[in-house]
Amino acid sequence: MRKLLPYLRQHRGTLIVVAVLSVAGAGASLVQPLLVRTVLDAISAREPVGSPVALLVALLVTGAALGGVRDYLLQRTAEGVVLTTRRRLAGHLMRLPIAEYDARRTGDLLSRVGADTTLLRAVVTSGLFEMVAGVVMVIGATVAMAVLDPLLLAVALGGLAVGMGVAITVSRRVRALSEQAQARLGEMTSAVERAISAVRTIRASGAEDREAVTVAGSATEAYEAGMRVARLEAIVGPASTAATQGAFLLVLGVGGARVASGAIGVGDLVAFILFLFFMIMPLGQALNAYTRLQTGLGALTRIDEILDLPSETAGDATGAVFPEHADAVEFDHVSFAYPNGDAVLRDVSFRVPRGSRVALVGPSGAGKSTALALVERFYEITSGTVRVDGADVRDLPRDALRARLGYVEQEAPVLAGTLRDNLLLTAPGADDATLLRALDDVNLGGLVTRTPEGLGVQVGEGGVLLSGGERQRLAIARTLLADTPILLLDEPTSNLDARNEAALRAAIATAARRRTLIVVAHRLSTVVDSDLIVVLEGGAVAATGTHQELLDISPLYRELATHQLLVS
């Protein structure tokens, strides 16, 4: 419950009004049995009943109106809680360390933002406050019944105790099972997301049936987890019903006997039975609400699991100081291993002077892309120092660091939406003319002219409506728009044909005239004119030098160049 309070705190004003309305509604309901007794006594005494009947009707209308206003406010508050939680969760997800995404499945994270947050609505509307309102009604009815006939109250409570005890015991187990059910739902969402994101590969591999079986298996596990919750919840209702019916029959029998003996009047018995209903109905609602509350708290546990993770920027420095005349990038005896223990870089050292063009080459798995990720500080190095413009990246706020870096990933991701949306990602204030120049720089201006939508043309989910080369060039255009002093390009020409590769090399050369450029490349033809080439092998620096120097001093580089027909 303490974990729930922060989600309700900003709505405390509305919730106070709801609480007042709940108490007022409960008070209006609790007065009604007494008015019924007054009416019955007046009828027996042949006295006028107009005034108590009118008051009774007024109380009924007032109670209904108060209930309607309360329910609206609760619904509004519940939607506000869901909205606030989704905003917090989505914002926090955007700032988690990259390693957390490596360790978690995308579908499970989506399930927490969607399905888990939706369950919080029930916590507020039919959970927490229904339980609170029920408690108010139960206490008020119990006091009134004690005043009318303590003996009948003891009989009623005895009948209710057994059933309520069973219901409460069962409800306590719902939270853990609900958390398991939500986890299974997250796994199912992950399975669906996995299948849809690779649907072309699945179709081409003839694996539709196998993937459908995998998704169906995850759905079955979610179903079984949900059924475990449903079985427990199914016990609560019958237990409550049996308890209430038993209590009613006992009160009716004992109460009838006491009326016959003259211990109480008919009006007292009718009023007592009405109070019993006013106690039983909210008590059953409170128990059901408690069960739903446990279900919602199970989802809340999964939400808090993500919100409790430290953000990537937690503990970042607050200021940025860049020494003058320092190298643009420097690796100083850098070693790095992923959390699973796999060492990727070992004692790597090299310098990238400002305004220079440096290439990282080597066989697959040598650590080239990882080196760029460390410059961006996506991961923390194991030992050594990475410096950008003379400052240790660990001493810089990440936003200040990344404001100096333009980065094109190896996969060149394109966001769903329009061409304009993708370009504005790095330059939100750029006008259309600037965007068009960036597209022309990477030989992509034809995308704008071939459809009437121009910059508003849709690129599809993940850029599926573009070719591989177009996606890569769009990612580079997007990075060039950021106009950063340092460019990090990871395999920028891997998906280009010879004609577009030549055009892009010219664009990169133009951009490099006033920038520092670090390029990861497998195709050595794209980097032979670099100021410095760093050859990586097995996570270590095997050699450094220009193209001609490396042909003479590095057997590995010469082997790579020979395989690519750069030397005979």
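In this predicted model, helix α2 (residues 12–44) packs with helix α3 (residues 50–93) at an angle of about 155°, and their axes are 9 Å apart. Because angles over 145 degrees count as roughly antiparallel, α2 is roughly antiparallel to α3.

**Helix packing**

- The crossing of α2 and α3 is left-handed.
- The contact of α2 with α3 comprises 20 nonpolar, seven polar and two charged residues.

**Aromatic pairs**

- The structure holds five aromatic pairs.
- One of them is formed by F331 and F350, whose ring centres are 4.7 Å apart with planes at 10°, so this pair is stacked.
- F331 belongs to strand β1 (residues 329–337) and F350 to strand β2 (residues 343–352), so the pair ties together parts 19 residues apart in sequence.
- F331 counts as buried, at 2% relative accessibility, and F350 also counts as buried, at 7%.
- Y338 and Y379 form an edge-to-face pair, with 5.4 Å from centre to centre and 90° between the planes.
- This pair links distant parts of the chain, 41 residues apart: Y338 lies in the loop between β1 and β2, and Y379 in the loop between α11 (368–375) and β4 (383–388).
- Y338 has 26% relative accessibility and counts as partly exposed, whereas Y379, at 13%, counts as buried.
- F336, Y338 and Y379 are linked into a cluster by ring pairs.

**Charge over a ring**

- The charged end of R404 sits over the ring of F322, at 3.9 Å from the ring centre.

Technical notes. Residues numbered from 1 in each chain as written. Predicted model: local features only at pLDDT ≥ 70, side-chain atom pairs only at ≥ 80, totals over all residues. Heavy atoms only, no water. Axes fitted to C-alpha atoms, helices over the stretch in contact; angles between N-to-C directions. Helix = DSSP H or I, 4+ residues; strand = E, 2+ residues; numbered from the N terminus. Parallel < 35°, antiparallel > 145°, perpendicular 65-115°, else oblique. Left-handed = near helix turned anticlockwise from the far one by under 90°. Nonpolar A, V, L, I, M, F, W, Y, C, P; charged D, E, K, R; others polar. Phe/Tyr/Trp six-rings, centres within 6.5 Å; stacked < 30°, edge-to-face > 60°. Buried < 20%, exposed > 50% of the residue type's maximum accessible area, 1.4 Å probe, protein only. Lys NZ or Arg CZ within 6 Å of the ring centre and 35° of its normal.
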